[in-house]
Amino acid sequence: MKILIPFSGGINSTYSLYRWLTETNADIFVRYGVDRFENDDFNAEELERVQNISHFLKKECRNFNLEMSEFPKEYVEERIPIRPGFTKGMYNIGSLRPRYDGYINWCFETGADGVSIGICLENTATQGYEVSRLESGIENIGVDIYLGGVRELVPVSTGDDFNYDEVAKHMVGRFEQYEFLPKELRDLCIRYNSESRNGREVAYWRTYQKFISEGKTGRDFDLYCAKHGSYGHWRHEADPETYMYRGRSEDGKLTYLIYMGDKCGK
């Protein structure tokens, strides 16, 4: 069995790669492609994470094939409603088109039987996967599709049998994924370049630390964010007329996180 894992060195793809290496005997093919919509500093940091994590996993788990690659389609920004029928929040579907073309090419190049795509609880805030799975044709190339946030290593349904709302209800979020990893691996996959996310990454980690200090878990924090961000189990609660990315406010912040300068907690 051959599994392709598109890899960015973030928590979601690291969690997926770690599980496939430790819980299966599958032949693992890892590909890294540069997202051209990110800045050079972000991409340089990401590449360093990919290399460091790969070195650790090859040493501590088992060997796998790692290749650097290019996404075949040029990035072009294109914004669509964040979910079907929504009128305010918009989503840049153009950021995913090069990726999915790459996934398809890489499956053919590696002879993969399945591909593990980095979709976890947070990604259910948008219709990105819903559009990409149909638009790209990835469901029609004869490989099984696994989503990184699905708790069991089993393929998801395709075509009309796929129900994103049902899948979203049971997905794992990145802070539960983070706590699942060995400590050494956790430290390697944290993203430190917060400027490209307008401080949102720092706000996530600051609020997570508050949860931990209160004796709660990463899973507790994931569900807290999902509830307040109207995704996952609470996906149906999003208001089509007002909803924006993960429930953000007009100033771009997620009101349920603690940003720099906030005086009170969640």
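Which glycine just after helix 4 takes a positive phi? Glycine 137 does, at about 85°. This is a predicted model, where local features need pLDDT of at least 70, side-chain atom pairs count only at pLDDT 80 or more, and totals for chains, interfaces and linings use all residues. Residues are numbered from 1 along each chain as its sequence is written, and side-chain values use heavy atoms, with hydrogens and water left out. Helices (H or I, at least four residues) and strands (E, at least two) are DSSP runs numbered from the N terminus.

**Nonpolar core**
- The largest nonpolar core has 75 residues. Such a core is a set of buried Ala, Val, Leu, Ile, Met, Phe, Trp, Tyr and Cys residues joined through side-chain atoms within 4.5 Å. Buried means under 20% relative accessible area, exposed over 50%, and partly exposed in between (1.4 Å probe, protein chains only).
- Ile28, Ile117 and Tyr129 have the most contacts inside this core. Helix 1 (residues 11-23) gives the most to this core, with six residues.
- Contact means heavy atoms within 4.5 Å. Leaving aside neighbours within four places in sequence, isoleucine 28 is in contact with Ile3, Ile5, Leu17, Trp20, Leu21, Arg62, Phe64 and Asn65.

**Cavity**
- A cavity is a set of points, on a 1 Å grid over the protein atoms alone, where a 1.4 Å probe fits but cannot get out; lining residues have an atom within 4 Å of a point. Grid points are joined across faces, edges and corners, and a volume is the space filled by probe spheres set on the points.
- The count is one cavity of 30 Å³ or more. The largest cavity has a volume of about 50 Å³.
- Its lining is Ser16, Arg19, Trp20, Ser116, Tyr146, Leu147, Gly148, Val150, Glu152, Leu153 and Val154. Helix 1 and strand 7 (144-147) are the elements that give two or more residues to this lining. Helix 1 gives the most, with three residues.
- The lining divides into six nonpolar, three polar and two charged residues. Here Ala, Val, Leu, Ile, Met, Phe, Trp, Tyr, Cys and Pro count as nonpolar, Asp, Glu, Lys and Arg as charged, and the others, Gly among them, as polar.

- Serine 54 lies in helix 2 (residues 40-60). Serine 54 counts as buried, at 2% relative accessibility. Not counting residues up to four places away in sequence, serine 54 touches Phe7, Phe64 and Leu66. Serine 54 and phenylalanine 7 are 47 residues apart in sequence, and 9.8 Å apart C-alpha to C-alpha.
- In helix 4 (residues 128-135), Gly128, Tyr129, Val131, Ser132 and Arg133 are buried. Their cover includes strand 6 (114-117), strand 7 and helix 5 (164-169).
- Helix 8 (residues 200-213) has 14 residues. From first C-alpha to last, helix 8 reaches 20 Å, close to the 20 Å expected at 1.5 Å a residue. The expected span is 1.5 Å times one less than the number of residues.
- Buried residues of helix 8 include Tyr204, Trp205, Tyr208 and Phe211. What covers the buried residues of helix 8 includes helix 1, helix 6 (174-180) and helix 9 (218-229).

**Positive phi**
- Glycine 215 follows helix 8, with a positive phi near 80°.
- Serine 230 is not a glycine, yet has a positive phi of about 55°. Serine 230 is in the segment after helix 9 and is buried, with a relative accessible area of 12%.
- Arginine 246, also other than glycine, has a positive phi near 50°. Arginine 246 is in the segment after helix 9 and is buried at 8% relative accessible area.

Terms used. 1 Å grid on protein atoms, 1.4 Å probe; cavity = no way out; pocket = protein on both sides within 12 Å on 5 of 7 lines; lining within 4 Å.
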